[in-house]
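Look at the chain below before reading on. This report walks through its elements, rings, cores and cavities.

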Amino acid sequence: MALPVEEWRLCAARRWAALEPALRERLAASASLHDTLRLGCGLLRPEAEAPALRGLCRRARTGKEPAAARFYREEGNRLFGRRHYGAAVRLYSQAASHEVPGSPEVSLCFANRSAALFRLGHLEVCLEDIARAESYGYPDNLLPKVLLRKAECLLCLGRLRDAANALSAAENKIAVDGIVTSPAYQTLLKKLSQLRIKIRENESCLQPAREACGDTQRKSEIWEENDSISGASSSLSLNFDSERGRHLVAIQDILPGQNLLKEEAFVSVLCPGESRLLQDSSETAWDTRVTNADLYCHRCLRQLLASVPCRGCSYAKYCSQNCADVAWERYHRIECSLGALLLTLGVFCHVALRTVLLAGFAEVSRLVEWSHDNDKDVHNPEARRKHPSEAPATRTGTRGIPGCNDNGQYQSSYQAVFNLLPHAEKHSPEHKFLCMLSVVAICKQLQEAGLEAAFLNRESPEKWSKPETREKTSGELSPELKVMAEAMLRHVLQLQCNAQAITVMQESGSRDGAVVNKKPVRLATAFFPVLSLLNHSCCPNISLSFNGTAATVRASQPIPSGQEIFHCYGPHRSRLRVAERQQLLSQYFFECHCQACLDELESDVKSVVSMRNSFCCPSCRSSMQVGEDILCCSNEACAISVSRESLSRRLQDLQQQIKKALELLKDGKADRAIKMLLECQVDAGNFLSPEHLLMGEMEDHLAQVYATLGKWQEAARHLERSIEIVEMHHGPSSVEIGHELFKLAQILFNGFAVSEALSTIQRAEEVLSVHCGPQSTQIQELQEMKTCLLELPRSILQRT
């Protein structure tokens with residue numbers, strides 16, 4: 001959720017409408033962020049807006065709640081008993097996030113989670129949780145069981161000496177405490193003894209295998225970095241002109257798949273997911289739905305297996321103690337007590353706060369002061385020459401391009417972020433007022449919580465963990481806080497045009513362990529100052545992929561020397577018509593004149609998207625001619641006309657039926673799901689064109705259901721039809737085709753169609769390596785499938 005919750009937006013709108021007309025006009029006319037903040041920072045009334053915001057924050061639960069911890073632990077125990085170990089791990093993690101750090105209660109959560117991890121085969125992580133449980137005072141009477149689990153983990157990993165020590169510790173604990181060994185203990189001890197003997201016998205075989213695995217490394221991609229642009233390829237040049245602003249141009253011919261840019265986000269904030277936001281305060285049960293906040297590290301965005309909770313709140317979770325410590329030191333010590341407020345005010349405000357925290361007050365103050373001087377000198381040519389970073393580009397290179405340092409280098413730095421355009425004069429006055437009021441609310445909360453000194457980097461680390469209670473202030477922001485607020489307002493406004501969504505391929509639907517269906521999901525919002533140099537095209541020549549907080553840009557097609565590098569900000573030309581694309585791109589304050597739009601606007605022929613995603617005549621199935629309200633059959637002999645509204649309603653009903661079929665599949669009712677999807681296909685054929693994307697989606701869903709049943713031939717047949725439709729829309733070398741080919745490869749592999757699988761794997765590799773790189777997860781999985789197939793006996797390969 002990028003913007004504040006709806007209730008706060010409405011509250012800000014009412015406050016704006018209630019302002020004196022003269023003040024409202026002055027705020028609307030102000031082009032300076034400094035003047036906007038000066039005029040408006042006192043407008044958050046302590047008797048009206050502030051209490052309303054506090055009420056909204058109470059609906060977002062981010063504190064430690066022992067009752068919630070008990071609830072989640074009991075739910076975890078229940079699911080563990082039903083052998084749903086993955087779900088149990090997540091619930092134990094939720095329970096740990098609500099317990100007091102270092103307490104015996106949190107040790108129970110880690111011990112329980114270690115049991116579920118052991119059943120899932122995650123032995124190293126299981127050992128980490130056992131160590132946590134031991135260090136946090138796990139109850140003595142329960143300790144032998146955990147020590148025995150530790151010994152079994154170590155034995156399975158081949159660490160015999162450590163396993164023997166753990167086993168001895170367990171046996172001594174039982175003997176010292178006088179615990180009567182139950183049949184369960186005796187059985188486990190006997191099993192461990194047997195494992196010890198077996199591993200000793202095979203030790204000579206296991207060791208070389210581990211060494212061989214450790215030596216397997218993938219070759220890194222060839223990369224020569226640009227001297228002037230951090231993270232960019234030497235094949236690119238940074239240019240600037242008044243029409244296109246800053247942009248990157250190829251200075252040599254570039255091949256498809258070639259690396260153009262690798263950049264770590266300057267700042268990123270995890271998108272929490274809707275169910276994390278604003279639960280009704282009257283609810284007594286806690287939410288068990290899984291969101292991004294439960295699945296990914298809040299700092300590095302790696303997928304979580306066994307999360308490490310924040311020491312102060314129940315919301316932030318990390319992949320390791322190191323990530324938790326680094327996040328705390330760099331920004332979370334400030335954000336921790338503001339969790340509910342930041343969830344309420346949205347990800348854009350959170351990104352703005354974290355940006356200034358990472359930059360530090362000294363750097364923020366320097367650039368804010370520079371911006372004030374620049375505002376004064378904007379009409380003074382002599383003065384402008386004093387600020388080369390805002391001067392036009394010169395023939396000497398990048399020295400005069402905005403955001404470059406004094407050496408002419410454009411780096412992924414706070415200076416580059418600060419120089420991204422906020423378009424303050426183009427945002428609506430109401431939107432600017434909402435952003436300003438939200439930023440002021442954050443700064444006032446920091447002031448009231450006694451965090452101002454830490455926020456401004458003026459406190460020693462010893463005081464970071466427990467903010468002192470400060471005397472109540474008058475409510476007026478200090479000059480230093482106003483500086484930070486102005487920078488934050490700038491960043492919130494910048495994000496509308498410069499926010500980059502970090503996406504991840506996430507598993508969707510049910511998983512049977514054989515075929516994995518994935519779809520791109522927005523994971524986080526970030527500032528990538530170098531990536532922001534790329535201008536937009538509805539038909540870009542690059543592909544963007546992410547690994548945690550790092551972005552990689554690759555050429556998706558041949559790019560000749562002299563051609564600009566284009567990124568797609570909104571929908572691709574293959575997804576929407578030009579009018580729809582232009583409407584969505586209006587948020588970026590420009591009208592798109594890319595070649596794809598110009599070609600479509602100047603052509604009298606209907607766009608490919610219009611033709612393929614069109615309705616067909618319910619009577620003769622000819623295409624329907626496009627109209628505003630009434631669509632007419634293109635077949636003159638038929639001449640049927642139908643209202644667009646009725647066909648759109650029919651399409652919505654069809655989509656609802658498909659959704660119900662997928663729910664049936666999720667519930668394990670595959671036969672009913674197939675029946676419903678086949679009925680949907682028949683219905684769709686009566687009013688949708690055969691190439692409509694929804695027709696392809698239904699084929700894809702049918703393939704998924706048949707794969708769940710192990711009917712590989714039927715699954716492959718439906719997926720091949722889906723691939724035909726996807727190729728019509730997106731092209732044979734698109735990333736969309738790559739993902740479909742990956743699914744087909746899995747189906748053919750599991751169906752033992754060896755020759756077809758090998759050819760599909762090769763084609764999928766060719767496509768996905770261009771878009772995602774040779775080290776991507778999907779490429780690795782394809783190579784593993786190929787290796788497995790090629791190692792089959794020659795007699796089997798010849799038969800297939």
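## Elements and overall build

Helices (H or I, at least four residues) and strands (E, at least two) are DSSP runs, numbered from the N terminus. The chain has 32 helices and 15 strands. This is a predicted model, in which local features need pLDDT of at least 70 and side-chain atom pairs count only at pLDDT 80 or more, while totals for chains, interfaces and linings use all residues. Residues are numbered from 1 along each chain as its sequence is written, and side-chain values use heavy atoms, with hydrogens and water left out.

How much of the chain is buried? Of its 800 residues, 49% are buried. Buried means under 20% relative accessible area, exposed means over 50%, and partly exposed lies in between (1.4 Å probe, protein chains only). A contact means heavy atoms within 4.5 Å. Among contacts with a separation of 6 or more, 65% join residues 24 or more positions apart.

## Two loop residues with positive phi

Most residues other than glycine have a negative phi. Phe589 is not a glycine, yet its phi is positive, about 65°. Phe589 sits in the loop between helix H22 (578–585) and helix H23 (595–602). Its relative accessibility is 24%, so Phe589 counts as partly exposed.

Arg83 also has a positive phi, near 70°. Its place is the loop between helix H5 (66–81) and helix H6 (85–98). Is Arg83 buried or exposed? Its relative accessibility is 65%, so Arg83 counts as exposed.

## Aromatic rings

Rings of Phe, Tyr and Trp (its six-membered ring) pair if their centres lie within 6.5 Å; planes under 30 degrees apart count as stacked, over 60 as edge-to-face and the rest as tilted. By this rule there are 11 aromatic pairs. Take Phe615 and Phe687: their ring centres are 6.3 Å apart and their planes meet at 20°, so the pair is stacked. Phe615 lies in the loop between helix H24 (608–612) and strand E13 (624–625), and Phe687 in the loop between helix H26 (670–685) and helix H27 (693–708), so the pair ties together parts 72 residues apart in sequence. Both Phe615 and Phe687 are buried.

Phe266, Tyr414 and Phe418 form one aromatic cluster. A charge sits over a ring if NZ of Lys or CZ of Arg is within 6 Å of the ring centre and within 35 degrees of the ring normal. Arg132 lies over the face of Phe110, 5.8 Å from the ring centre.

## Nonpolar cores

A nonpolar core is a set of buried Ala, Val, Leu, Ile, Met, Phe, Trp, Tyr and Cys residues joined through side-chain atoms within 4.5 Å. The largest has 123 residues, and Trp8, Ile442, Phe455 and Ile565 have the most contacts inside it. Helix H19 (residues 429–448) gives the most to this core, with 11 residues. Leaving out residues up to four places away in sequence, Ile442 touches Leu338, Leu341, Leu342, Leu345, Cys349, Leu353 and Met488. A second, separate core has 54 residues, including Ala673, Met695, Leu768 and Leu782.

## Cavities

On a 1 Å grid over the protein atoms alone, a cavity is a set of points where a 1.4 Å probe fits but cannot get out; lining residues have an atom within 4 Å of a point. Grid points are joined across faces, edges and corners, and a volume is the space filled by probe spheres set on the points. The structure holds eight cavities of 30 Å³ or more.

The largest cavity has a volume of about 240 Å³. Its lining has 22 residues, of which Val269, Tyr315, Leu342, Leu343 and His350 lie nearest its centre.

Terms used:
1 Å grid on protein atoms, 1.4 Å probe; cavity = no way out; pocket = protein on both sides within 12 Å on 5 of 7 lines; lining within 4 Å.
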